[in-house]
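Subject: Structure handover

Hello,

Here is the structure I said I would pass on. My notes follow below it.

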Amino acid sequence: MRALALVCTLKPSPAKSSSDLIAGQLLELFDRQGVTGETVRVVDHDVRPGVEADMGDGDAWPGIRRKIHEADIVLVATPTWMGHMSSVAQRVLERLDAELSEMDGEGRPAMFGKVAVAAAVGNEDGAHKIIADLFQALNDIGFSIPAQGGTYWNGEAMRGGDYNDLDETPEAVASANATLVRNAVHLARLLESAQYPAS
């Protein structure tokens, strides 16, 4: 079983990123459940704007799309910017829109059977709305959302500091991370053994 983390930070590698940090923590937990993980920092790739599977002329999305199709669990990790998900996360959703017209061999939407989870970090409010928006979009595309499939950290309002500045992961976040992973793996294994009906 495979998990793919789409890290939607605005910071290109090798800059430190709170979104990358929480994604890495979740992938470590997935690994303990026997799930192989991989991270794609989306901003490091030339993902063109658009709603097609391939926008041509050097578009890097088709390579990322292949990884999504190979994954059983997809994590979208995003910072909070002005109360919203990053523009990179929004672009990921826009590009995933193309999957609405893709079907598997039995006529089901191509993302049926895949699990989606989300993580949001930031030193301002907005995590609940971000996760709600991500879940609505990902579910529309065909992903299944596990119980408590979102995790987040918000710093104190009107103060500086980031998730990657913390000395240790807060207990509440660690607990939410563990629950997300357990439930995502459980749901992915159920769907692997019993896919949604084709008709």
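Where does A157 lie? A157 sits in the loop that runs between strand 6 (150–154) and helix 5 (171–193). Please keep in mind that this is a predicted model. A157 has a relative accessibility of 55% and, because the cut-off for exposed is over 50%, A157 counts as exposed.

The pocket

The largest pocket holds about 240 Å³ of space. Its lining is made of 15 residues, and those nearest the centre are K11, P79, W81, V121 and D162. Sorted by class, the lining has five nonpolar, seven polar and three charged residues. At least two lining residues come from each of helix 1 (18–32), strand 3 (73–81) and strand 5 (115–122). Strand 3 contributes the most, with three residues.

T78 in strand 3

T78 is also part of strand 3. Is T78 buried or exposed? Its relative accessible area is 0%, so T78 is buried. Leaving out residues up to four places away in sequence, T78 touches C8, S19, M85, S86, A89, A119, A120, V121, I130 and L134. With S86 there is a polar approach as well: a polar atom of the T78 side chain lies 3.0 Å from the backbone nitrogen of S86.

The cores

The largest nonpolar core has 31 residues, and L6, V42, I68, L96, L134, L138 and F143 are those with the most contacts inside it. Two or more residues of this core come from each of strand 1 (2–7), helix 2 (61–70), strand 3, helix 3 (87–96), strand 5 and helix 4 (127–141). Helix 4 gives the largest share, seven residues. As for L96, its contacts beyond four places in sequence are W61, I68, L138, I141 and F143. There is also a second, separate core of 27 residues, which includes L26, L27, A77 and V173.

Q25 is in helix 1. At 19% relative accessibility Q25 counts as buried, because the cut-off is under 20%. What does the side chain of Q25 make a polar contact with? The partner is the side chain of T169, at 3.0 Å. Not counting residues up to four places away in sequence, Q25 touches Y163, T169 and N177.

D72 belongs to the loop between helix 2 and strand 3. With 22% relative accessibility, D72 counts as partly exposed. The D72 side chain reaches the backbone nitrogen of R2 at 2.8 Å. D72 and M111 are 39 residues apart in sequence, and their C-alpha atoms are 9.4 Å apart in space.

Backbone details

- S13 and P14 are joined by a cis peptide bond, with omega at about 5 degrees. P14 is in the loop between strand 1 and helix 1.
- M82 has a phi near 55 degrees, a positive value in a residue other than glycine. M82 is in the loop between strand 3 and strand 4 (84–85), and at 74% relative accessibility M82 counts as exposed.
- Q148 has a phi near 50 degrees, again positive in a residue other than glycine. Q148 is in the loop between helix 4 and strand 6, and its relative accessibility of 59% makes Q148 exposed.

To recap the points to look up in the viewer: the largest pocket has K11, P79, W81, V121 and D162 nearest its centre, T78 is buried in the model, and the cis peptide bond is between S13 and P14.

Regards

Notes
Residues are numbered from 1 along each chain as its sequence is written. This is a predicted model: local features need pLDDT of at least 70, side-chain atom pairs count only at pLDDT 80 or more; totals for chains, interfaces and linings use all residues. Side-chain values use heavy atoms; hydrogens and water are left out. On a 1 Å grid over the protein atoms alone, a cavity is a set of points where a 1.4 Å probe fits but cannot get out, and a pocket is an open set with protein on both sides within 12 Å along at least five of seven lines; lining residues have an atom within 4 Å of a point. Grid points are joined across faces, edges and corners, and a volume is the space filled by probe spheres set on the points. Helices (H or I, at least four residues) and strands (E, at least two) are DSSP runs, numbered from the N terminus. Ala, Val, Leu, Ile, Met, Phe, Trp, Tyr, Cys and Pro count as nonpolar, Asp, Glu, Lys and Arg as charged, and the others, Gly among them, as polar. Buried means under 20% relative accessible area, exposed over 50%, partly exposed in between (1.4 Å probe, protein chains only). A polar contact is a pair of N or O atoms within 3.5 Å; within protein, one must be able to donate a hydrogen and the other to accept it, and residues adjacent in sequence count only if both atoms are side-chain atoms. Contact means heavy atoms within 4.5 Å. A nonpolar core is a set of buried Ala, Val, Leu, Ile, Met, Phe, Trp, Tyr and Cys residues joined through side-chain atoms within 4.5 Å.
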